[in-house]
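This report is meant for a reader who meets the structure for the first time. It begins with the sheet, moves on to the helices and the chain as a whole, and ends with single residues.

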Amino acid sequence: MGGLVESSVSGPERILIQVVRLLLQPGRLVLAALRRLPVGSHALRGALDLYPRPHYAYGVQQAAVLARRLGIPRISVVEFGVAGGAGLVEMDRMARLATADTGVAIDVYGFDTGRGLPKPTDYRDLPYTWREGDFVMDHEALRARLPQAELVLGDIRETVPSFLQAHDPAPIGFVSIDVDYYSSTAATLRLFDGDHGHFMPRVFCYLDDIVGDEDQVVHSDYVGELAGVREFNEANDAMKLSPINGLRHKRAVPAPWNDLIYVLHRFEHPDYGTYVGREHAETQLPLDARP
C-alpha cells in the first residue's frame, strides 16, 4: 500500500522505502523467488500466497472445498467490477485450477457497466477519490482473454435483480466486490436477496475498497463499500456479512488482503449447520449427492 508520505517523496527515496520494507520483511524475497518456480500443488501454492492475486486463489478454493464437503458438484464465483479484466482473467484461471484440485465444476461471472464508473450519487460514493468514467473496459480484448467466464454488462442496479432468474447460476460460493462506490455496493449486495438454492450456506467475499492505497483515502462505516455492508447487515436478521476473525493468524503467510476477506453467513440456509469439519475430508459426500 502507498501513503501520503510515499506520494510526496522523490524517486530515489521511494526506492529506499522499498528496500527498507524488504529488509524488515525478508520473507517477501523468499516468496518472490518461489512464485517464479512452477512447484507445488495448487492448494500449496495458494496456502503460501504464490499467486498474483492470492485473495482470489483463497476465495475460489475455499468455496470449492466447502462444496466438495457438502457434496455439491457445481458452484459459481462472481466478480463485481471487472474494469480492464485482469482480475476476472485470474479468477477464471483459479476456477480451473480449483476444479482440477477438488473435482467441483466452477462457473465464473463478471459484472461491470462496461463504461467505467457512473456519476457519484452523493458524498457516500467518495467523489474525492473516484470519478465518473474511471476504469473503462475494452470489451472485445477482454472477451478474447476469457476461456469460460461470462460477462454481465450493464448498470448493476438492473443486472443484479434479474441475474438469478435469467442465468439460474449454480450455488454462488465466492464474490469479489470491487465497485468502489457506496451506491454500487448497495446494489451489488441485493444479489444476496435471492433464494438459498442460489447460494452456498457461507459465501466467501473479498471487499477491495475498504482500506485504500493512500492516507487521503479514509474509508469508514459511513461511506464507500463499508457503508453498504453496514446497511446490509442492519437490514437483515438472517444474513450477516462479516470479516473472518483472525484470518491472518491462520495463514502461513499473513498479508494485508486477509483483512479484506468477509463471509456472508446465511443462517437459515438448510446446509448452514451441516458438519464440514476437518476430519470430514476423509468422508466427503459424493459430488452427485445433490441435484
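## The sheet and its helices

The model described here is predicted, and it contains an open sheet of 7 strands with mixed pairing, in which the strands follow the order β3-β2-β1-β4-β5-β7-β6. Strands β3 (150-153) and β6 (239-243) stand at the edges and have a single partner strand each, so one side of each is left without a neighbour in the sheet. On average, and with direction ignored, neighbouring strands of this sheet are turned by 20° against each other.

Within the sheet, strand β5 (residues 199-207) and strand β7 (residues 261-266) run antiparallel and are joined by 5 bridges. Cys-205 has Tyr-262 in β7 as its bridge partner.

Helix α5 (residues 54-70) packs on the sheet, where it touches β1 (74-80), β2 (105-112), β4 (172-177), β5 and β7, and its direction makes about 175° with that of β5. Helix α8 (residues 156-167) lies across β1, β2, β3, β4 and β5, and runs at about 155° to β2.

Helix α5 is mostly covered, since 14 of its 17 residues are buried. From its first C-alpha to its last, α5 reaches 24 Å, which is close to the 24 Å expected at 1.5 Å a residue. Just after α5 comes Gly-71, which takes a positive phi of about 75°.

How far apart are the end C-alpha atoms of helix α6 (residues 86-102)? They are 24 Å apart, which agrees with the 24 Å that 17 residues should span at 1.5 Å a residue. The buried residues of α6 are Gly-87, Leu-88, Val-89, Glu-90, Met-91, Asp-92, Met-94, Ala-95, Ala-98 and Thr-102. As background to such a list, an α-helix has 3.6 residues a turn, so residues three or four places apart point the same way. Just after α6, a positive phi of about 85° is found at Gly-103.

Glu-90, which lies in helix α6, has a relative accessible area of 9%, and because this is under the 20% limit, Glu-90 counts as buried. When its neighbours within four places in sequence are left aside, Glu-90 is in contact with Tyr-51, Pro-52 and Arg-53.

## The chain as a whole

The chain has 11 helices and 7 strands. Its radius of gyration is 19 Å, which agrees with the value near 19 Å that a compact globule of 291 residues would have. Along its principal axes, the C-alpha trace of the chain spans about 60 × 45 × 40 Å.

Buried residues make up 48% of the 291 residues in the chain. The accessible surface of the chain comes to about 14,600 Å², and 55% of this surface belongs to carbon and sulfur atoms. Among the contacts in the chain that link residues at least 6 apart in sequence, 73% join residues at least 24 apart.

Leu-126 is found in the loop between β2 and α7 (139-144), whereas Asp-168 is found in the loop between α8 and β4. Is Asp-168 buried or exposed? At 56% relative accessibility, Asp-168 counts as exposed, while Leu-126 is buried, with a relative accessible area of 1%.

Gly-228 lies in helix α10 (residues 224-235). Apart from its neighbours within four places in sequence, Gly-228 is in contact with Tyr-182, Thr-185 and Leu-189. The C-alpha atoms of Gly-228 and Tyr-181 are separated by 8.8 Å, although these residues are 47 residues apart along the chain.

| Residue | Relative accessible area | Class |
|---|---|---|
| Glu-90 | 9% | buried |
| Leu-126 | 1% | buried |
| Asp-168 | 56% | exposed |
| Gly-228 | 4% | buried |

Technical notes:
Residues are numbered from 1 along each chain as its sequence is written. This is a predicted model: local features need pLDDT of at least 70, side-chain atom pairs count only at pLDDT 80 or more; totals for chains, interfaces and linings use all residues. Side-chain values use heavy atoms; hydrogens and water are left out. Two strands pair if DSSP finds at least two bridges between them. Helices (H or I, at least four residues) and strands (E, at least two) are DSSP runs, numbered from the N terminus. Axes are lines fitted to C-alpha atoms, for helices over the stretch in contact, and angles run from 0 to 180 degrees between N-to-C directions. Contact means heavy atoms within 4.5 Å. The expected span of a helix is 1.5 Å times one less than its number of residues. Buried means under 20% relative accessible area, exposed over 50%, partly exposed in between (1.4 Å probe, protein chains only). The radius of gyration is taken over C-alpha atoms; the globule rule is 2.2 Å times the number of residues to the power 0.38. Accessible areas come from the Shrake-Rupley method with a 1.4 Å probe; for residues, only the protein chains shown count as cover.
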